[in-house]
Amino acid sequence: MKIFATVIVLLSAAAAALANVTVDGSRDVDYGALRAVQAVQTGFGDANPPGALGGSELDAAYATIANGRLYLLFTGNHEPNFNKFEVFIDSRAGGENTLSGTPGYDFFNGSAWISQGLTGLTFDAGFAADYHLFSRWGSGTGSYNVDLVNRQGGGSATVPGSSGSSPNAVGLIAAGSIAPGNVGTNASGTALTQALEFAINDNNAAGVTGGSGAANVADAAAVTTGMEFSIALADLGNPASGSTILIAAMINNGDHNYLSNQILGPLAPPQGNLGGDGNGGFIGNLGGMNFNQFTGAQYFGIVVPDVVPEPSSAGLFALAVIALAARARRRLHR
């Protein structure tokens, strides 16, 4: 009987390792419980109805790790007006607690590094950004673009990043990927080893409402669509089993230099847009923005699970045969 129980545990672990999440901008049951939920109304416009004039909101965050990949889903809306959805990932030693001006990336007409608007942004103590994932969505039916940048601790003036674009959106839904080896038109340096998948379903009309007061947390938690990504752990520094990947997400303007109040982990209400100085002011960069001045942690985490070998179909069959044989022997000896 012990053999049979052991086999069941092995089969269950193998099934967990083989769990699949479909990257389509909608929540899958494999995500499990939410990691963070919005507490503040949105200062960047209520997405009701969704679409060109709908606004942006971050309702909740989900994360899971399976098959050597990190899956992230941020329910809510990303207004198609070229504003940026920013995701910073702390997944290895090093990184920056306060963002420097290098590397420069996200060019406009090939002539400027608008990412330098991030310069001076200070995260909560304990968070040091290694990677920057960001997306933009333009003109309603335009393409949805995603970039992943390895910031290398701010020590490089080049752009070790990768970029990809979806086809034009249909019904405010788009999906695409960044191919392995792609470092983007205006980038050079480290390329992806595996495809990065992304999708958006921008049809949410529920969740938080517009304003700066307390959000209805239950409404925020009930939203099931938004922005979704899948990234190989190999492209996040191969974080070790048992380590914790930290993630900070926020809605920003098109030049990366004026933050909304839509942050996950959330800010405490009441709270207006943060701007560049933390008080809603525009100063040309995020140099006055320090998350330590706000209550709570403006990030969330996920623990990297132990690696479970993925058995072949023949191996699974053999385990099943052993289990059946063990049960048969037990019956014979009764």
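Me: Which residue stands opposite alanine 199 in β10?
Reply: Strands (E, at least two residues) and helices (H or I, at least four) are DSSP runs, numbered from the N terminus, and two strands pair if DSSP finds at least two bridges between them. In this predicted model, alanine 199 stands opposite glutamate 228 in β10. Strand β9 and strand β10 (residues 226–232) are antiparallel partners, with four bridges.

Me: Which residue of β9 stands opposite alanine 175?
Reply: Alanine 175 has alanine 199 opposite it in β9. Six bridges join β8 to β9, again in the antiparallel sense.

Me: What is the order of the strands in the open sheet?
Reply: The open sheet has six strands in the order β1-β2-β3-β10-β9-β8, with antiparallel pairing. The edges are β1 (36–37) and β8 (173–178); each has a single partner strand, so one side of each is left without a neighbour in the sheet. Within the sheet, β2 (residues 57–66) and β3 (residues 69–77) run antiparallel and share nine bridges. Leucine 58 stands opposite glycine 76 in β3.

Me: How many residues of strand β9 are buried?
Reply: Buried means under 20% relative accessible area, exposed means over 50%, and partly exposed lies in between (1.4 Å probe, protein chains only). Five of the six residues of β9 (residues 196–201) are buried, so this strand is largely enclosed by the rest of the structure. Strand β6 (residues 143–150) is mostly covered, with seven of its eight residues buried. Strand β5 (residues 131–138) pairs with β6 through seven bridges in the antiparallel sense, and arginine 136 there stands opposite asparagine 145.

Me: Is lysine 84 buried or exposed?
Reply: Lysine 84, in strand β4 (residues 81–90), is buried, with a relative accessible area of 4%. A polar contact is a pair of N or O atoms within 3.5 Å; within protein, one must be able to donate a hydrogen and the other to accept it, and residues adjacent in sequence count only if both atoms are side-chain atoms. The side chains of lysine 84 and aspartate 106 are joined by such a contact of 3.4 Å. The lysine 84 side chain also reaches the backbone oxygen of glycine 254 at 2.5 Å.

Me: Where does histidine 78 lie?
Reply: Histidine 78 is in the loop between β3 and β4, and it is buried, with a relative accessible area of 0%. A polar atom of its side chain lies 2.8 Å from the backbone oxygen of asparagine 83. Contact means heavy atoms within 4.5 Å. Leaving aside neighbours within four places in sequence, histidine 78 is in contact with residues including Lys84, Trp137, Tyr144 and Asp202.

Me: Which residues form the aromatic cluster?
Reply: A pair of aromatic rings is described by the distance of the centres and the angle of the planes. Rings of Phe, Tyr and Trp (its six-membered ring) pair if their centres lie within 6.5 Å; planes under 30 degrees apart count as stacked, over 60 as edge-to-face and the rest as tilted. The structure holds 11 aromatic pairs, and Phe74, Phe85, Phe229 and Phe300 form one cluster.

Me: Which residues touch the most other members of the largest nonpolar core?
Reply: A nonpolar core is a set of buried Ala, Val, Leu, Ile, Met, Phe, Trp, Tyr and Cys residues joined through side-chain atoms within 4.5 Å. The largest has 39 residues, of which Phe74, Phe85, Val87, Tyr144, Leu196, Phe229 and Ile245 touch the most other members. Another core, of 23 residues, lies apart from it, with Phe127, Met250, Ile263 and Leu286 among its members.

Me: What is the mean pLDDT of the chain?
Reply: pLDDT is the predictor's confidence in each residue, from 0 to 100. The chain has a mean of 83, and 78% of its residues reach 70 or more. Over residues 1–17 the pLDDT is below 50.

Notes: Residues are numbered from 1 along each chain as its sequence is written. This is a predicted model: local features need pLDDT of at least 70, side-chain atom pairs count only at pLDDT 80 or more; totals for chains, interfaces and linings use all residues. Side-chain values use heavy atoms; hydrogens and water are left out.
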